[in-house]
Amino acid sequence: MRISLFSWLVAVFFSISLVLVSGQCQSDQRQLLIGLKNSFNSTSLGKLVNWNQSTDCCSWYGVSCDAGGRVVGLDLSNRLISGAIDKSSSIFRLQHLQRLNLAYNKLIFVFPPGFDKFANVSYLNLSNAGFKGQIPAEISRMTRLVTLDLSANLYLGAYLKLEKPNLEMLVRNLTRLRFLYLDGVNISARGNEWCQALSSLTNLQVLSMSNCNLSGPIDSSFSKLRSLSVIRLDANKLSAPLPKFFAEFRNLTSLHLSTTGLTGRFPEEILHATTLQTLDLSNNKLLQGSFLNFSLNASLQTLLLSDTNFGGQLPESIGNLGKLTRLELARCNFSGPIPESMLKLTQLVYLDFSSNNFSGPLPSVSSSRNLTQLNGTIHSTDWSGFSKLVSIDLRNNNFSGTIPPTLFGIPTLQKILLSQNQFSDSLVNLHREPSSLDTLDLSSNKLQGPLPRVVFELQGLKILSLSSNNFSGFIPLRAIQNLRNLSSLDLSHNQLSVNASDTNPSLPSFLNITTLKLASCNLTKFPDFLKNQSRLLYLDLSNNNIHGRIPKWIWEARSLRHLNLSQNFLVEFEGPLQNINSSLSVLDLHGNQLQGQMPFPPRYATYLDYSNNNFSSVLLAEIGEYLSYTYFFSLSSNKFRGSIPRSICSIIYLKVLDLSNNSLSGSIPQCLTQKSLSLRVLNLRRNNLNGVIPDTFPQGCGLQTLDLNRNLLQGKVPKSLANCKMLEVLDLGNNQINDTFPCHLKSISTLRVLVLRANKFYGNIHCLGKKSPWQMLQIVDLASNGFSGRLHETCLLTWEAMQADEDEAQSKLKHLHFKVLQFNQFYYQDAITVTVKGLELELLKILTVFTSIDISCNKFGGPIPEVIGTFKALYVLNFSHNAFTGSIPPFIGNLSQLESLDLSSNTLDGEIPFQLVNLNFLSYLNISNNKLVGPIPTGTQLQSFSEASFEKNTGLCGPPLKIQCAIAPTQETHAAPESRSTDGFDWQFIFIGLGFGVGAAAFVAPLIFWKRVSKWVDDNVDKILEVILPKVGLTCTHPDDAKVEGNENLEEDNTGNDDENEESQGNHEEFRGRYCVFCSKLDNTRKKAIHDLNCTCYDSPYLSPSSISSSFSP
């Protein structure tokens, strides 16, 4: 129950007054109270045990009387009393009651009638009393009610509803109400219904109706409630803009509208209401807004806007909110610097700016108790003045710079959480100070150097995490023993060497340790002190140099829940492992050299990874009986043999099953595909499985990854696979499947990877129908099949993911994977084999930015479709060994991300388009064995490829081929640059021409009107050009006998000599462009410029490799 300060003071005053004037309890009142006590369970009476006949009932706990000894107040709240109150209860005969409070008890009965007998009650609080069901109509007849609290919390088992009577019937006669609390009551009313029902309560000051299943929009009739000071409507479904009339509520102090689905723009007038102290709009993702200016007389103390669409910059006037104690702007769209005026917020105790776009330095908010998630640089300023700082939390940002040593000297500071940032430098300047520090988390930064000894002298430390940095040096275990209160230690993934043998026998060894992570710490053996750790829950010794056996005592640690011994050199287990009583939930042994039979899994294991070992046994037929709670099970890359046990299908919670890279044989159990209702990843690749893929994928199939590559499977692609609407990766490559293209899967809109390579597929790949297949497809491998026909534009146009030019920097962390459980760090990483640059590579992490098409070794024909030119995100394109005809289309040059291009062994003819030089990232090219003719474009990166990339094209010539090209006629070669410019701009030509044009414009007018200047120019322009042009690397040769003739004769004089670059074609490393210099003069009339076309085109000077990427080719 929430109640205002005013009402609380009134209640206290009223209670004191009753005590002062109360008289001797009347006998009938005593008997009624005794009867009420007897209706309760005796075990829950608590202080009501003292209610007995021998004492004055007016002195009993919770009882208040008036001067006549009549009971006027009964407060039994928060006593957890259990029992039943029905309509016959003696409580309803206490007719003089004015106040009744039964809140937070365990009364077991439906909401009883009889409340209308309380004719004098003005205060009724039945919140979470235990009543259930429909609120009775009798309450609507308690016309003297000023405060009514019927709140219900579902988590406490309370469920109340308002149907008959509904809200309007309940409050119709309660015109004196000033405080109404109905939180959690299921009202289920539309906006106009509940607003109009309340509009008659004009004296209402507090309205609390959160989580009442109310709908929007808020009706204008709500504006009649002008006396409201507190409005709480959280967790309803308003789903509409917020009306402006809330700004007109002159007494409004608190407005709570979180999680209500508000839309549109938030009215700024409400934010500037001078009486408003608390505003909570959090978790309304469609609500927009920004801050303009805050007034000096603002009363705001709490402002919560997290998870909204508020944005823009914070104004300097935010410093006017001097009363602000809590400010939460997490996960919004704010940007820009944090204003220095934040220094004025001296009352601030909690600040959350996480997940925005703030930039610049962090101002010194000296009174903040918990700073979270800002962007910028922390400067090495003096933090010692932050005397009230208890916790600093700046995790998961891009903070950089040096961590201020004075931060560790704040005596009140308990927690420093700076993980997942870019802090650098060392901690050598850290000095020991009196400290209350219990948590230090500097993990995942760029800190380096040795760890200072002072870190191990922070006696109060309970949590120390320094993982994933560049710390170096040698750490004896005795140094860590000084931290006697330590419960969690993480030194993983640095360049540290921990000596587990160097301990201090006089000191206890980590009596409170629950989490120990020493991955990549150069350990060579299991630390001896681990044998006696009775509280250890989490142990990570992965990626070390531990050899030999896994000791038996590890399985005897009853408290241990998480064990990671992966990436070591362990070869066997000590002792038999049957009937293990371990409580392990997570066991990771992958990447060792364990051999023999697979150990019996722990009984309660949820995550089991035995992959990349040398286990060689047959899988136990009853293996599924040992995995009752398992979500993740991987036996990948071992030597298991035999068939897949059907008992695996009985694992109820299984999400990921990876049996890949073994020697399993037999057929795929039918029950395994039936289990795809719950299964998300099924990886059986690289085994010897045979038969057909069971056609038993159920409706509602939840598979995201199905990988059956490199088996001996036959038959067809199951029709029921279309039920797997969440499928992202489908790899059926390298089997013996004999089928047409699987158009029946086109309804799977989530598909990203489709591999059908090396099977017996046939026919065309054009899917008929209106449904657009596979908008998210990014990897297509149909190579080595019998597909034929043309590639249809309409089919390829639907592959939209290949057209999106996604920023690689933004997507480098985005890759295909399946998160095993929603709230842990375990996920299954998809992998796939692709042919890139002529080599077969396994992608262990499939980035969403990576796209490829491989349809090689089929019977496709016709021209290469024009839509391929729109696939700007494409990295790999392999159309080799088909029957494509026509020329290599120039639009291939639009594929700016392309790294591998293979068009070999087709029937392509014509010349190599010059646009291929635009493929700046191309590192593999093969266009051999076609019918291409003409010269290979020279002076480009195409000369960097080997002769094999162009061979078996009888008409090709020029480097890197040894066949020399015949010298073409002058006129034709001179026209080459002009023809190339039809597809792209010749920027070098444009800039040079623009320069001459601007210069001409600067002096044309003076030349026309000033004869002396024009004569001087005629006499000296040639001399000027001869001096200037060589200084910029250009040469201008002008004819000695050129005559100025009419425009009609200019074309006849065009005898450009642009073959002078033949000498330099042998240098394949130089990227050389072309430029043309036109020698310009004015004609005799001095009214227009004419060009002497005898001036020739020249090769550009040598461009260094660093300049190639920014050069424009003509």
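Two strands are taken to pair if DSSP finds at least two bridges between them, and helices (H or I, at least four residues) and strands (E, at least two) are DSSP runs, numbered from the N terminus. The structure described here is a predicted model, in which local features need pLDDT of at least 70 and side-chain atom pairs count only at pLDDT 80 or more, whereas totals for chains, interfaces and linings use all residues. Residues are numbered from 1 along each chain as its sequence is written, and side-chain values use heavy atoms, with hydrogens and water left out.

An open sheet is formed by seven strands in the order S53-S55-S61-S63-S65-S67-S68, with parallel pairing. Strand S53 (762-763) and strand S68 (955-957) stand at its edges; each has a single partner strand, so one side of each is left without a neighbour in the sheet. Within this sheet, strand S55 (residues 786-789) and strand S61 (residues 859-862) run parallel and are joined by two bridges. Serine 788 has lysine 859 of S61 as its bridge partner. Strands of a sheet pair through backbone hydrogen bonds, either parallel or antiparallel.

A further open sheet consists of four strands in the order S44-S46-S48-S50, again with parallel pairing. Its edge strands, strand S44 (641-642) and strand S50 (712-714), each pair on one side only. Two bridges connect S44 with strand S46 (residues 663-666) in the parallel sense, and arginine 641 stands opposite serine 663 in S46.

Parallel pairing is also found for strand S16 (residues 284-289) and strand S18 (residues 308-313), which are joined by three bridges. Glycine 289 has phenylalanine 310 in S18 as its bridge partner. S18 pairs in turn with strand S20 (residues 333-337), in the parallel sense and over three bridges; here the bridge partner of glycine 311 is asparagine 333 in S20.

Towards the start of the numbering, UniProt lists residues 27-66 as "domain: Leucine-rich repeat-containing N-terminal plant-type" in an unreviewed entry. UniProt positions are given in the numbering used here, feature names are shortened, and annotations may be inferred rather than shown by experiment. The end C-alpha atoms of residues 27-66 lie 14 Å apart, and the span is 30% helix and 8% strand. Helix H2 (residues 27-38) has twelve residues and reaches 17 Å from its first C-alpha to its last, close to the expected 16 Å, where the expected span is 1.5 Å times one less than the number of residues. In H2, Gln29, Arg30, Leu32, Leu33, Ile34, Leu36 and Lys37 are buried; buried means under 20% relative accessible area, exposed over 50%, and partly exposed in between (1.4 Å probe, protein chains only). The buried residues of H2 pack against strand S1 (63-65) and strand S2 (71-75), contact being defined as heavy atoms within 4.5 Å.

A search of the whole structure finds six disulfides, a disulfide being a pair of cysteine sulfur atoms within 2.5 Å. One of them is formed by cysteine 58 and cysteine 65, with sulfur atoms 2.1 Å apart. The link of cysteine 58 and cysteine 65 is left-handed, with -100 degrees about the S-S bond, and both cysteine 58 and cysteine 65 are buried.

Cysteine 701 and cysteine 724 likewise form a disulfide, their sulfur atoms being 2.1 Å apart; the link of cysteine 701 and cysteine 724 is right-handed, at 85 degrees about the S-S bond. This pair links distant parts of the chain, 23 residues apart: cysteine 701 lies in the loop between strand S48 (688-692) and strand S49 (705-707), and cysteine 724 in the loop between S50 and strand S51 (729-731). Cysteine 701 is buried, with a relative accessible area of 2%, and cysteine 724 counts as buried at 0% relative accessibility.

In the disulfide of cysteine 743 and cysteine 767, the sulfur atoms are 2.1 Å apart, and the link is left-handed, with -85 degrees about the S-S bond. Distant parts of the chain, 24 residues apart, are again linked: cysteine 743 is in the loop between S51 and strand S52 (753-755), and cysteine 767 in the loop between S53 and strand S54 (779-781). Cysteine 743 counts as partly exposed at 22% relative accessibility, whereas cysteine 767 is buried, with a relative accessible area of 10%. Cysteine 795 is in no disulfide, and the nearest cysteine sulfur, that of cysteine 767, is 5.7 Å away. At 7% relative accessibility, cysteine 795 counts as buried.
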